Amino acid sequence: MVSLFPDTPQLRFVYEQDSCPLCGGALKVLKTHSRKVATLHIGHFDAHETIMSCDRCPDKPSFRSRELAELVPEGCNFGYDVMVFAGRSLFQGLLTVAETASELAKRNVRVSESEIRELAARFVISLGIAHAEAAPQLRKHLGVNGGYILHLDSTCQKGSAHLMTGIDELSGMVLLNAKMATENGGATAEFLRNLTTRFGTPAAVSCDMSSAILNAVENTLTDVPIFICHFHFLRDLGKDLMADDYAVIRERLSHHGPKAELKRLRRELRDRTEVHSKELDCLLGHIENGTAPPPGLIASLPGDAALGAFVTSALEAENQGDGCGFPFDRPHLAFYRQIQAVLPAAATLRDCERFDSRTERLYDRAIKAMSPVCADRELTAAADRIERKAKVFDDLRIAMRIVEPQAHKGLNDDGNDLDIHTIESRVNDFRHALLADQELMAHPGYSAMLEQLDKYWDRLFCDPIVLDTPTGERLVQPQRTNNILERFFRRLNRACRKRTGHQLTAKVLNKMLPDVPLIANLEDTTYYRILLDGCETLEQRLARINRKLVRSSLEHARKAGSGLSRKTRAALRKRPAPIEIALHILKNTA
C-alpha cells in the first residue's frame, strides 16, 4: 500500500455562504473542531470544520459545510464512498469481510472488520430508505407495464424469523421486504397494506397454498385475482396422498439398515470395479440396446467386480429422480426396488459360480444385508400401495404439464408453455377418469385429491389478465409457479454461503437486515436511474438521506424477537444482571 501523502493532510471546511440563508444577516463563527475521516479518493485526512451561526434569527441556527456533509456522514469517520464500497463488496461482490478490508487497504483506507460490518449495515438501511423515497417514481415505472404482478412468499430457517419478500413478475423488481416472527395473517396483511400504499394495488397475486398468505390477500386485496402455484399445489397433494405409506418405507429401511453395509462393500470393491469398468460399460451398453453381449465378455468379468456393480446400482438408485424432492422423487422406494432386483441376481451368481473364499464372503455379506429387506411383508405392501398412488399422481403431473416424470428440470421447472385452458381441459379429463374408477374412488385418499382440485380449481386455472398500458391493452398469463421467489431465496442462500462459508442458518437470518434483498435491484439500470433521482452517483444519493433516520431505522431493525435494543440485550447478558433486577424490585417494593 502506497500512501498518497507523506503525512496525514488537514483539509479545511467552512459553510459556503457568508450570509444567513434565512434572514440575510452576517454569520459568525460558532466553533471549530477537527475529526479524522477517510474517503476512497483521498484516504485518511484531518477534516477541520468551521461551524457558523446567525445571532439575528430567533433560534440562532448553526450552519455546517455542505461539501463535508456530502463526503462524510455527520458523526462518522468514513465517507459515503467507503460505505457504498463496503456494502456492494459484501452483498454484490460477495467478498468476505477480510477480503473487503484488504481491498480497502489497497485504496489507502484502513478499516477494521467490525467497522466494515457496520458500514455495510448502514448501506443496506440507507438503500431501503432511498427505495421508499423513490416509491412514487417506481410506481410510475410499473405503470408503463400496466401495473405489477405480485409474487409473495417468505423464507425461514428452523427457529428463525420469517423474511417476507414481494417481487414483481413483469419487471423482476424487489418491491418490499419485512421481517416477521411468524408467517401469520396479521403480519402479512400489514405487509400488503404497506406494499399497496407505495406501489398501488397489484393486477394479480401469485403465491403458494399458505393459509395465512391466502387469507391476508383475500381480506386485504379484494377483487384481485389469486394464482396458486402449480408446483406447490402438486407437492402438497402428493404428500397428502403418499406420505403415510412413504413413512412406512423409510421406517422399515431404517430398521433393517442395509445401506451402511452396502456402502462398506462398495468401498472395499471400488478398486476391482474400476479395473473392470470398461467391461461393465460394454455390458451395460448391450443391455440398453437390447443386444446379446458376447459370451466372452461375461466370462471375463470377475465375481467381485460384478458384486461391486450390483451394490453400486442399489446405492445409486436413490439418484434416479428429477431433483424436486418428495413426492415427485421417491428415492427410498427406488432404493428398495433396486435391492429387490439385485438380491436374486447376487444369490444366483453365488450359487452357480465357483468363487474364491474371499469373494464368497463378500457375496454372503451382501445377501445377508439385503435379505431381511426383501422378506419384510409390511415394506412390500407399502411399496405396492405407493406405486399405485404414484401412478395416479404422475398422471396428474402430466395433465398439468409441470414437473413431469423424467423431465429432469429440477426445482427450476416453470411448466410447459401451454395455453391455460388447454391445461384445464387435460386436468378435467383426468378428473373424470378418476371419478369413473370406482375401485380408486373407494379409497379416501383419491376422493381427498378431487376435493383439493375442486377447492382450488378457479385459482389454478385463472383466465389471463388484461393490463392497461400507455400503448394499449396487454394480455398477460402470469407464471404458473412461484419459482421467481423460490429461485431468489436460493440465490440469497448461495450468496450467504459464498460470503461467509456457512449456510443461511437461523442465527444468520435473524441478524440479516430485511432490506438486503433490495441489493438485487441495483443490477437493473432503469431502477438504478430512478433511485439516483438526478444524482450522478449512489454516494451522492445516500448523502441526501437524513442520518437520524438511518440511525433509528438501524436500531429498530436490530431489535431481537424480545423487542429489546442491542444495548439492553448486552446488559442482560451480564451474569449479575438478573440479581441486580431482583434487588432493585425488592428495594423499591420495600
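I looked up what covers the buried residues of H14, and the cover includes helix H8 (230-256), helix H9 (258-275), helix H12 (303-316), helix H13 (331-352) and helix H15 (377-400). Contact here means heavy atoms within 4.5 Å. Helices (H or I, at least four residues) and strands (E, at least two) are DSSP runs, numbered from the N terminus.

I noted that this is a predicted model, in which local features need pLDDT of at least 70 and side-chain atom pairs count only at pLDDT 80 or more, while totals for chains, interfaces and linings use all residues. Residues are numbered from 1 along each chain as its sequence is written, and side-chain values use heavy atoms, with hydrogens and water left out.

**Helix H14**

I listed the buried residues of H14 as Thr359, Leu362, Tyr363, Ala366, Ile367, Ala369, Met370 and Val373. Buried means under 20% relative accessible area, exposed over 50%, and partly exposed in between (1.4 Å probe, protein chains only).

I then checked the length of H14 (residues 357-375): its 19 residues should span 27 Å at 1.5 Å a residue, and this agrees with the 26 Å between its end C-alpha atoms. The expected span is 1.5 Å times one less than the number of residues.

At the start of H14, I found a side-chain oxygen of aspartate 356 within 3.1 Å of the backbone nitrogen of arginine 358. A polar contact is a pair of N or O atoms within 3.5 Å; within protein, one must be able to donate a hydrogen and the other to accept it, and residues adjacent in sequence count only if both atoms are side-chain atoms.

**Strand E8**

I looked up strand E8 (residues 204-207), where Ala204 and Ser206 point one way, Val205 and Cys207 point the other way, and all are buried. Strand E5 (residues 149-155) runs parallel to E8 and is joined to it by three bridges; two strands pair if DSSP finds at least two bridges between them. Valine 205 in E8 is the bridge partner of leucine 150. E8 also pairs with strand E9 (residues 226-228), in the parallel sense, over three bridges, and there isoleucine 226 is the bridge partner of valine 205.

**Asparagine 493**

I located asparagine 493 in helix H19 (residues 483-500). Asparagine 493 counts as buried because its relative accessibility is 17%. A polar atom of its side chain lies 3.4 Å from the backbone nitrogen of leucine 504. Leaving aside neighbours within four places in sequence, I recorded contacts of asparagine 493 with Gln157, Gln503 and Leu504.
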